[in-house]
Amino acid sequence: MYCKRLYKQGGKSVPNIIAASGVKRTFGKGSGAVHVLKGVDLTVPAGSLVAFKGRSGSGKTTLINLLSALDRPSEGSITFEDRELSAMSNKERDLVRRTRMGLIFQSFALIPLMSAYENVEFILRVSGFPAAERKAAATAALEQVGLGPRMNHRPFELSGGEQQRTAIARAIAHKPSLLLADEPTAELDSKTGLQIMKVFRQLVEASGMTIIMTTHDPAIMEIVDHVYELEDGQIVVPAST
């Protein structure tokens, strides 16, 4: 019943873009083992904005790492665009992550001596994006997040919100189908955080991109399409708000 509600958007059935089935993640062995995820099942429809909430240690970041193919589950499977991530080789997973996904972390992780444009173009370069298309792709991504007039400024010349928007531009320049963000507004004040959420909302509505993020901010949870609450390594159904 929970998943059926998630599949419905505007009265129409929407195919899922990523799904987890019986996903567990354990770190360590024997008496020292830590069971971070204890059997997670979820489906996320294409073109939606989804948030994971939960206390520190509930498994949010671990789940994001698994969905983004940065890590493998100890048990269970993750299927992205009808391909099982957990069955892929490291090379195949790296290719999917570089070409079909975008990642945003808590820290902006911008290169200080590079302008906003150079930060975005550099990532396209190292990921193997066609040279003839890099300038247009980097410029378009920065304009999409409202940084066209500021693209030649370096990080120290940008506000916190502008730096985060640069990080978003860097993550979407190659036009991924899925964007994953771990606490993308954690270092921002509430007003700037809501501006970032407006950018996310526009990305979903304008391009059909799917965004999965973690957050502690109750105001942000009012903006997303659906909230998954993690508690003690499992998803609480339905999420309490």
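1. The crossing of helix α6 and helix α7 is right-handed, a term used when the near helix is turned clockwise from the far one by less than a right angle, anticlockwise being left-handed. The contact (heavy atoms within 4.5 Å) is made by G161, Q164, R165, I168 and I172 of α6 and by T192, I196, V199, F200 and L203 of α7. This is a predicted model, in which local features need pLDDT of at least 70 and side-chain atom pairs count only at pLDDT 80 or more, while totals for chains, interfaces and linings use all residues. Residues are numbered from 1 along each chain as its sequence is written, and side-chain values use heavy atoms, with hydrogens and water left out.

2. The axes of α6 (residues 160–172) and α7 (residues 190–207) come within 10 Å and cross at roughly 25 degrees, the axes being lines fitted to C-alpha atoms over the stretch in contact, with angles from 0 to 180 degrees between N-to-C directions. Helices here are DSSP runs of H or I with at least four residues, and strands are runs of E with at least two, numbered from the N terminus.

3. Helix α4 (residues 116–126) also crosses α6 at roughly 25 degrees, with the axes coming within 9 Å. That makes α4 roughly parallel to α6, a label for angles under 35 degrees.

4. F52 and Y228 form an edge-to-face aromatic pair, 5.9 Å centre to centre with 65 degrees between the planes; ring centres of Phe, Tyr or Trp (its six-membered ring) must lie within 6.5 Å, and planes over 60 degrees apart count as edge-to-face, under 30 as stacked and the rest as tilted. Because F52 lies in strand β5 and Y228 in strand β11, the pair ties together parts that are 176 residues apart in sequence.

Technical notes:
Parallel < 35°, antiparallel > 145°, perpendicular 65-115°, else oblique.
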